[in-house]
Amino acid sequence: MGEERILIIIPAYNEAENIEHVVDDLIKNYSQYDYVVINDGSSDDTRKICARRGYNFLDLPVNVGLSGAIKAGMRYANYYGYDYVVQIDGDGQHDPKYIASMAELMEETGCDIVIGSRFKNEKKPGGLRMLGSRIISGAIHVTTGRKIQDVTSGMRLFDKRMIKRFGYDIHYSPEPDTLAYLLNCGFHIEEIQVQMCERTAGTSIYKSPLASARYMLQMMFSIFLFQWVRKKNEA
Amino acid sequence: MSGVLRIMLLIAAVFSAWWILLKIRKCKVKMEDAIFWVCFAAILLIMGICPEFTYWLTGVFQMQSPANLIFLIIIFLLIEKVFTLSIITSQLEDKVTVLSAEVALRSHADEQVSKEEEQQIQNMDAKSTETAVSENDQPHKS
């Protein structure tokens, strides 16, 4: 442990209110990790703030969505030869203190993805938003035989093989359906218990009821149908 | 509902599902864009397999024959697709415009910076040659 180069990627879309707090914390307390902010064509001052504060950031000229932002970050990691990539949100809900234990777990188990999970040891609360998580979790369980508790967690650690795949394959989105597909390809995914804070400012991009329904539809099609026609790139 | 029409529906359903799934396999289309075509194929399949359902629906819409209904449904679905595609295209066009403007702007800014740097280097070179010349000009005090 220790020699691996870890890159933190922080996708940020209209996070002007939060980004400073998140990145300053990283610079001050976690200088052992490199980071890159991916400004996903924000229409607010996110770009200006990053430039003024001299942050290391990729500035995407148009909004391409979370999946595209992650792709840019993965390509950056691949270009500069990083071993691990951690994805954390730009709104400050993920605490970087867990990165060390996530990397440790990856070393110990030799797994390919570590998910920072809210529900590894703690019980999942009820409610409509968790209903979606439960359904997806159940779908993954049915199709792969493996249980992932926090499928929608945005805090994930990827190893080098995953960096290549997420950076260069059209079907690898940072969504739960990719986890199901990877499990069926024989990849190893672990979860580790983390606490997440509420957003410090701004509003979440999650999600109007219509968008949620659309998201669920996509996930179900992808998990139950499309993953079986995709070429299996075995582990 | 004639047997030929049902067979045609089945063939169309199987063919369109097979086609789009093949495209997914070959990484030519994103999975979310394939959902429409899978549903489209499923509707054709249902209408081909269960004529009773098609007859019932024909009654509901008070149409003359199931063939009319099938055409209507297909036309409706395709119009919806063209409509959403047209919206997506115009958004994409706008994105390309913004993208090219941004690329031009940023390369312009880069050029500006490198020009300034060149200018500075030239100034420094000129200064250093001046001082070298003036040092050579000074008489030896020996």
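**Helices, sheet and chain contacts**

Author: One place to begin is a helix pair: the crossing of H3(A) and H6(A) is left-handed. Please keep in mind throughout that this is a predicted model.

Reader: Okay, and at what angle do the axes of H3 and H6 of chain A cross?

Author: The axis of helix H3 of chain A, residues 65–79, and that of helix H6 of chain A, residues 160–168, cross at roughly 135 degrees and come within 8 Å. Because of that angle, H3(A) is oblique to H6(A).

Reader: Which residues in H3(A) and H6(A) meet there?

Author: From H3(A) they are A:Ile70, A:Lys71, A:Met74, A:Arg75, A:Ala77 and A:Asn78, and on the side of H6(A) they are A:Ile163, A:Lys164, A:Phe166 and A:Gly167. Sorted by class, this contact has five nonpolar, two polar and three charged residues.

Reader: Which strands does H3(A) lie across?

Author: H3(A) lies across strands S1 (6–12), S2 (34–40), S3 and S4 (84–87) of chain A, and its direction is at about 155 degrees to S1(A).

Reader: So what is the order of the strands in the sheet?

Author: The sheet of chain A is open, with seven strands in the order S3-S2-S1-S4-S6-S5-S7 and with mixed pairing. Strands S3 (57–60) and S7 (189–193) of chain A are at the edges, and each has a single partner strand, so one side of each has no neighbour in the sheet. From one strand to the next, the twist averages 20 degrees.

Reader: In which sense do S5 and S7 of chain A pair, parallel or antiparallel?

Author: Strand S5 of chain A, residues 113–117, pairs with S7(A) in the parallel sense, over five bridges. Within that pairing, A:Ile115 stands opposite A:Glu191 in S7(A).

Reader: Switching topic, where is A:Ile27 found?

Author: A:Ile27 is found in helix H1 of chain A, which covers residues 19–29. Its C-alpha atom is separated by 9.3 Å from that of A:Tyr55, although A:Ile27 and A:Tyr55 are 28 residues apart along the chain.

Reader: And why does A:Ile27 count as partly exposed?

Author: A:Ile27 counts as partly exposed because it has 15 C-beta neighbours inside 10 Å, whereas a buried residue would need 20 or more and an exposed one 12 or fewer.

Reader: Last one: how many residues of chain A are in contact with chain B?

Author: There are 14 residues of chain A in contact with 14 residues of chain B. On the chain A side, these comprise eight nonpolar, three polar and three charged residues.

Technical notes
Residues numbered from 1 in each chain as written. Chains lettered and ligands numbered in written order. Predicted model: local features only at pLDDT ≥ 70, side-chain atom pairs only at ≥ 80, totals over all residues. Contact = placed C-beta atoms within 7 Å. Nonpolar A, V, L, I, M, F, W, Y, C, P; charged D, E, K, R; others polar. Axes fitted to C-alpha atoms, helices over the stretch in contact; angles between N-to-C directions. Helix = DSSP H or I, 4+ residues; strand = E, 2+ residues; numbered from the N terminus. Parallel < 35°, antiparallel > 145°, perpendicular 65-115°, else oblique. Left-handed = near helix turned anticlockwise from the far one by under 90°. Pairing = 2+ DSSP bridges.
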